[in-house]
Amino acid sequence: MNRKHFHSLPTVIALCAVLFCALTVLNVPHALAADGPAEETWNDLRFDLFGDDKIADGSHLMELETPYRAHDAAIVPFKFTAKPGVKLESVAIVIDENPAPLAATFTFGPAAAEHSFTTRFRVNSYSYVRAVARAEDGKLYMIRNYVKASGGCSAPASKDMDQALASIGKMKFRQISGSAPLGETVQASASPAMSKGVAEGQIMIRHPNYSGLQMDQVTMLHIPAHFVDEISILHGDRMVLKVEGGISISEDPNIRFFYRAAGPGSLSVKASDTEGQAFSKNWQIEIGS
């Protein structure tokens, strides 16, 4: 190699490196993309879920907290928060790559103190997850995150079938604002939030929420889909939150929410599943000092 070629070699190597990097970026696998995959799946879903309605960026109205890499794909935590003063009619959670992408729709009632909630979903593969909110004026707004998770919809249930079915429909309620014991009557100590008539509660419903993609570990046959499809939370006779869900809601549905608690009253939960079973429970709420 003569001196001329030798001096040009670093330039050639540098140019090759730039070209290689460019090609790599153009062909980067979806799972490794910095901002997740392209929007092909969403573009296919969007019309089926929301028709021709315009969907604007909602980052100034709400926040969605999810792990970037899920610890357990079968119970991925989702925390949706409407910013102070924002009033929403409903929020649809969409998980693009799940077998049933519309994971659940949360509709806020007149007894909802804040239009926010926390729950858990199954995520079946690396996917964008979206919160699409309908404001009180009917307009749609969206925010999205990217979650790395795999196999959430087909992950084995944590209990055997007999055990799961024996406890199906049992419910618990926990008052987040106080340190009250669980039971038929919940004593909740006053807090700054409750002094403004706002309380945070949590409901837990025993249900295997079979997705139809899981296998019985004994027979090695698929377990038929059997899941909670509707949950209504009421304070007195006023609706706090209604949840319409599908196979993406995790086993033993668990929802945290905010409600107006201006004095004593009752909190009740009514739920139904795809087998036509109905479950309900009522708790008396006593707000102490």
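Reply: A residue is called buried here when its relative accessible area is under 20%, and exposed when that area is over 50%. The model is a predicted one, and every value below was computed from it. With that cut-off, Asp252 counts as buried because its relative accessibility is 15%. Asp252 is placed in the loop that runs between strand S13 (238-245) and strand S14 (254-260), and its phi is positive, near 55°, although the residue is something other than glycine.

A search of the whole structure returns one cavity of 30 Å³ or more, and the volume of the largest cavity is about 30 Å³. Asp252 is among the residues that line this cavity, together with Glu251, Lys159, Ala164, Ser167, Arg206, His207 and Pro208.

Asn209 sits in the loop between strand S11 (198-205) and strand S12 (228-235). With 0% relative accessibility, Asn209 falls under the cut-off and therefore counts as buried.

A contrasting loop position is that of Pro156, between strand S8 (140-147) and helix H3 (161-166). Its relative accessible area is 53%, and it is exposed for that reason, because the value is over 50%. Even so, Pro156 has contacts elsewhere in the chain: leaving aside residues up to four places away in sequence, it touches Gln214 and Gln217. The C-alpha atoms of Pro156 and Gln217 are 7.8 Å apart, although the two residues are separated by 61 residues in sequence.

A pair of aromatic rings is described by how far apart the centres are and by the angle of the planes. Across the whole structure, the search finds nine aromatic pairs. In one of them, the ring centres of Phe80 and Phe117 are 5.4 Å apart and the planes meet at 20°, so this pair is stacked, the limit for that class being under 30 degrees. The pair joins distant parts of the chain, with Phe80 in strand S3 (residues 76-82) and Phe117 in strand S6 (residues 112-121), 37 residues apart. Phe80 is buried at a relative accessible area of 1%, and Phe117 is buried as well, at 2%.

The pair of Phe173 and Trp283 has another geometry: the centres are 5.6 Å apart and the planes are at 40°, which makes this pair tilted. It too links distant parts of the chain, since Phe173 is in strand S9 (residues 171-175) and Trp283 is in strand S16 (residues 278-287), 110 residues apart. Phe173 is buried, its relative accessible area being 1%, and Trp283, at 2% relative accessibility, also counts as buried.

Returning to Phe80, ring pairs connect this residue with Phe106, Phe108 and Phe117 in a cluster. Phe80 is also in contact with Ala131, which touches Met62, Leu64, Val91, Ala92, Ile93, Tyr141, Met142 and Ile143 as well, when residues up to four places away in sequence are not counted. Ala131 belongs to strand S7 (residues 127-135) and, with 0% relative accessibility, counts as buried. Between Ala131 and Tyr141, which are 10 residues apart along the chain, the C-alpha separation is 8.2 Å.

Of the contacts between residues at least 6 apart in sequence, 69% join residues at least 24 apart. The accessible surface comes to about 14800 Å², and carbon and sulfur atoms account for 57% of this area.

Definitions and conventions
Residues are numbered from 1 along each chain as its sequence is written. This is a predicted model: local features need pLDDT of at least 70, side-chain atom pairs count only at pLDDT 80 or more; totals for chains, interfaces and linings use all residues. Side-chain values use heavy atoms; hydrogens and water are left out. Rings of Phe, Tyr and Trp (its six-membered ring) pair if their centres lie within 6.5 Å; planes under 30 degrees apart count as stacked, over 60 as edge-to-face and the rest as tilted. Helices (H or I, at least four residues) and strands (E, at least two) are DSSP runs, numbered from the N terminus. Buried means under 20% relative accessible area, exposed over 50%, partly exposed in between (1.4 Å probe, protein chains only). Contact means heavy atoms within 4.5 Å. Accessible areas come from the Shrake-Rupley method with a 1.4 Å probe; for residues, only the protein chains shown count as cover. On a 1 Å grid over the protein atoms alone, a cavity is a set of points where a 1.4 Å probe fits but cannot get out, and a pocket is an open set with protein on both sides within 12 Å along at least five of seven lines; lining residues have an atom within 4 Å of a point. Grid points are joined across faces, edges and corners, and a volume is the space filled by probe spheres set on the points.
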